[in-house]
Structure formats: C-alpha cells, structure tokens
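Today I opened my notebook to look up salt bridges.

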Amino acid sequence: MNEELFVAQEFTPLNGWTSGIEGPACDAQGNLYAVNYERQHTIGQVTPEGVESVFVELPTGSIGNGIRFNSEGFMFIADYTNHNVLKVDMETREISVHAHEPTMNQPNDLAIGANDILYASDPNWGASTGQIWRIDTDGNVTLLETDMGTTNGIEVSPDEKMLYVNESAQRNVWAYDLSPDGQIRNKRLRIQFPDFNMDGMRCDIDGNLYITRHGKGTVAKLSPEGEVLLEVELTGKLCSNIAFGGPDGCTCYVTMADRGNIEVFRADLPGRSWQLFQ
C-alpha cells in the first residue's frame with residue numbers, strides 16, 4: 001500500500017460488491033466487513049491481505065447498512081428493510097435480532113459508545129426528514145430526536161461526550177452533548193457544506209471527523225470545531241462510508257457505490273473505533 005498520507009488507491013477489484021456497498025467496520029483482528037458483497041442481503045469479509053468472501057447471509061428480507069462491533073466482539077448491523085438491529089456471533093455466525101422498532105423509517109448508520117450503547121440514524125429519504133434512536137445494551141430502543149433532516153452519518157467523539165450526526169440532503173453536521181447514559185442535548189451546527197451530499201462519518205482519536213462527500217468523490221477531514229482541514233480525492237464519486245483499521249488503526253477504508261469496490265488511504269492518526277479494541 002502507498003504509505004503517503006491521504007493518497008487514495010483501490011483496495012478491492014471493481015464491481016465485486018453491489019451499488020449498495022455500505023457500512024464498513026473492522027474487527028479486532030483487522031478484517032474488514034461491509035454489506036452487500038456479490039449480492040444484496042450479504043455481509044462480506046475482506047482480510048487485511050484483500051481476500052474477499054461472503055461472511056454471512058442475512059435473514060429473508062433483511063438488508064444491512066451500518067455495521068459496528070461492541071467491546072465483546074459481537075457485530076451489530078442496521079437492517080433497514082426490517083427495522084431491526086441485528087447481532088452476529090462472530091464465532092458461530094449465528095444472527096439474532098438485538099432490537100426491533102417498527103416505527104423506525106429505516107435504521108441507516110450506527111455509532112457505538114465505549115459503554116456499548118448504540119445510536120442509529122434513521123432517515124426518511126422521500127420526505128427529506130430523519131430521526132435519531134438509542135439502542136441500549138439490552139436491546140431497548142429510545143427515540144432521541146425527531147423533526148430532523150435526512151439523518152445519515154453518526155459518530156461518538158473519543159471522549160464519549162459528544163454525538164455527531166449529519167443530514168445528507170441539508171448538508172449539515174450537528175453536534176450534541178452526550179451524557180454517560182445516552183441522553184443528548186445542546187444541539188449545535190458544526191458545519192454546513194455548500195454543495196454535494198454526505199454519507200458516513202468517523203472520528204480519529206483526536207476527534208477529527210472524516211466525512212464521505214457522496215457525489216463529490218472526496219473524504220473531508222474536519223477539526224472537532226468543524227473546520228475543513230483537507231479533502232482526500234478518491235477515484236470514484238459515490239463514496240458511501242468510511243472505517244478505520246489496519247495494524248496501527250491509521251488505514252482508512254472507503255466503500256464506493258459507483259464502482260462496487262473499496263478504496264484505501266493512510267491517515268496520520270488512528271481511528272477511535274480501532275482504539276476501542278486496544
């Protein structure tokens with residue numbers, strides 16, 4: 001891999017995944033997972049060496065979006081068609097329903113606290129509206145916020161004191177104060193982009209936000225205060241999501257909907273999600 005920082009290159013072959021490729025996340029061993037490998041309804045695995053395979057087939061009617069791992073190593077998947085958060089035992093590959101909420105529009109991306117509380121963005125694409133949900137460790141679901149724009153990317157800050165949520169169509173990035181028990185308050189705007197949509201969003205260990213600019217074909221790196229520090233140019237234009245991984249946590253994997261593959265670049269700091277495993 002090119003070790004020059006913030007220079008993207010292809011990691012997996014073109015069109016190995018459907019245009020629904022989303023939700024990348026790395027496990028503690030450095031394997032990368034994303035949704036819709038080869039066909040819809042699947043979770044694909046990519047080893048650190050780039051070997052791809054179908055890891056699990058989701059239950060009938062389920063299609064995944066965001067993926068997260070908790071402190072015990074279980075995989076959680078936002079199943080947007082069946083209004084579920086699914087749980088996967090990585091040893092047995094058994095899939096269970098961790099949470100079900102019929103009033104969700106379509107659970108989209110997931111964030112997770114160090115305390116294993118999950119947060120789900122919940123857009124209604126047709127109406128350009130959205131919501132935020134909290135999913136406790138027992139699977140109990142709480143509506144945190146409604147009357148938003150098309151909520152999409154979502155992330156917890158490294159100090160666990162903030163929840164970031166972006167709105168794709170409105171191009172806003174919001175920050176909330178986050179309490180230890182998962183309450184949010186004090187909503188404030190971090191940035192509004194003048195053009196293009198946003199999709200996935202992840203923090204590094206210093207709290208800088210990495211945001212996929214869907215349609216622009218870049219990943220924007222923002223300071224915690226919302227200043228654009230740089231943009232990484234990608235080969236494709238429809239970048240859907242980003243995950244940190246690699247042996248030092250500084251490898252960024254970006255899922256590309258228009259090319260059906262994954263691109264990769266090196267960052268200067270490890271990702272918060274990687275640090276949670278350490």
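I began with a definition: buried means under 20% relative accessible area, exposed means over 50%, and partly exposed lies in between (1.4 Å probe, protein chains only). I noted that this is a predicted model, where local features need pLDDT of at least 70, side-chain atom pairs count only at pLDDT 80 or more, and totals for chains, interfaces and linings use all residues. Residues are numbered from 1 along each chain as its sequence is written, and side-chain values use heavy atoms, with hydrogens and water left out.

**Entry: the count.** I looked up salt bridges (a side-chain nitrogen of Lys or Arg within 4 Å of a carboxyl oxygen of Asp or Glu) and found 15 of them.

**Entry: R68 and E155.** I saw these side chains meet in a salt bridge at 2.7 Å, N to O. R68 sits in strand β6 (residues 64-69) and E155 in strand β14 (residues 151-156), 87 residues apart. I wrote down that helices (H or I, at least four residues) and strands (E, at least two) are DSSP runs, numbered from the N terminus. Are these two buried or exposed? R68 is buried at 4% relative accessibility, and E155 is buried at 0%.

**Entry: R272 and E160.** I found another salt bridge here, 3.2 Å from N to O. R272 lies in helix α1 (residues 272-275) and E160 in the loop between β14 and β15 (162-167), so the pair ties together parts 112 residues apart in sequence. R272 is buried at 1%, whereas E160 is partly exposed at 24%.

**Entry: joining up.** I noted that R68, E155, E160 and R272 are linked in a network of salt bridges.
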